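Q: Hi, could you walk me through this structure, one piece at a time?
A: Gladly; here it is, and we can begin with a term or two.
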Amino acid sequence: MHQPPTTLPVDGSELRQRRMAAGLEIDDLATAAGISRSYLSHLETGSRTRMRPTRHKRLFDALARAEQDGATPSRGNRDKE
């Protein structure tokens with residue numbers, strides 16, 4: 001039987017570009033994903049290149065929500081007023 005990988009690769013540069021394009025601060029995405037700011041920073045800088053599937057899913061789900069919403073959690077939609 002095929003076992004799923006224990007960790008998944010993360011392209012830190014792409015992650016950072018997507019976060020910034022979504023208008024998120026590193027603290028906002030880390031909080032939304034339920035991970036620490038330092039852990040996210042390590043992923044973005046490439047000092048960590050793999051993560052467990054549950055954390056990976058939470059991180060990329062939070063990023064996808066932010067990309068879809070087009071607004072940061074900390075700023076909300078105040079810019080549109």
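A: Contact here means heavy atoms within 4.5 Å, and helices (H or I, at least four residues) and strands (E, at least two) are DSSP runs, numbered from the N terminus.

Q: Okay, what kind of model is this?
A: This is a predicted model, in which local features need pLDDT of at least 70, side-chain atom pairs count only at pLDDT 80 or more, and totals for chains, interfaces and linings use all residues. Residues are numbered from 1 along each chain as its sequence is written, and side-chain values use heavy atoms, with hydrogens and water left out.

Q: What is the mean pLDDT of the chain?

A: The mean is 87, and 84% of the residues reach 70 or more, where pLDDT is the predictor's confidence in each residue, from 0 to 100. Over residues 72-81, however, the pLDDT is below 50, and this stretch has 12 contacts in the model beyond near neighbours in sequence.

Q: Which residues of H3 are buried?
A: In H3, they are Tyr39, Leu40, Leu43 and Glu44, and buried means under 20% relative accessible area, while exposed means over 50% and partly exposed is in between (1.4 Å probe, protein chains only).

Q: And why do they line one face of the helix?
A: Seen down the axis of H3, the buried residues fall within an arc of 135 degrees, so they line one face; the arc is that of the directions from the helix axis to the C-beta atoms.

Q: What covers the buried residues of H3?
A: The cover includes H1, helix H2 (26-33), strand S2 (50-51) and helix H4 (53-69).

Q: Let's switch to H4; which residues are buried there?
A: Those of H4 are His56, Leu59, Phe60, Ala62, Leu63 and Ala66, and because they fall within an arc of 155 degrees when seen down the helix axis, they line one face of H4. On the other side of H4, Thr54, Lys57, Gln68 and Asp69 are exposed.

Q: Last one: where does Met20 lie?
A: Met20 is in helix H1, which covers residues 12-21, and at 45% relative accessibility Met20 counts as partly exposed. Met20 and Glu67 are 47 residues apart in sequence, and their C-alpha atoms are 9.9 Å apart in space.
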